[in-house]
Amino acid sequence: MTMFHLHDRLQADTAPIVEWPLCRVLLMDNRVWPWLILVPARHGLTEIHQLSREDQHRLVDEIALASRTLETLFSPDKINVGALGNLVPQLHIHVIARSRTDPAWPGPVWGSGFAERYSPEERDSLIRKIGEGLGQK
């Protein structure tokens, strides 16, 4: 059995929050938006339809939990969910809390030019806050 490996770009651009039954939940290192990335811990996947039927259902449940958590913690106007994979082929799902006042609204966050890394303290604090919201102690 081949071990799961997180794509190098995801490794460089995110920080881990928690591991769920299917996905690793990561914080995107961009303080402009509360932005989670869910990566199914299955080797070699590039598309949602490649997951087993059971894992497809689990993925929807995990996306919903991530979305509800961002909604509760940040009161956004909209939750954006997307699986693009044009730059990073490994299957991963973006869950982003958007606000009408964010700098890219109403356009997409990708390619918007708005990016700013968290300070280590701010990142660690947010990881704790989101982790608690996701049910981690």
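Biologist: What follows helix 3?

Modeller: Helix 3 is followed by Gly 135, whose phi is positive, near 100°. The model is predicted, so local features need pLDDT of at least 70 and side-chain atom pairs count only at pLDDT 80 or more, while totals for chains, interfaces and linings use all residues. Residues are numbered from 1 along each chain as its sequence is written, and side-chain values use heavy atoms, without hydrogens and water.

Biologist: How do you know that the span of helix 3 agrees with its number of residues?

Modeller: Helices (H or I, at least four residues) and strands (E, at least two) are DSSP runs, numbered from the N terminus. The expected span is 1.5 Å times one less than the number of residues. For the 14 residues of helix 3 (residues 120-133) this should be 20 Å, and the end C-alpha atoms are 20 Å apart, which agrees.

Biologist: Which residues of helix 3 are called buried?

Modeller: Leu 126, Ile 127, Ile 130 and Gly 131 are buried, that is, under 20% relative accessible area, whereas exposed means over 50% and partly exposed in between (1.4 Å probe, protein chains only).

Biologist: What do the buried residues of helix 3 pack against?

Modeller: They pack against strand 1 (14-19), strand 2 (23-28), strand 3 (35-40) and helix 2 (53-74), where contact means heavy atoms within 4.5 Å.
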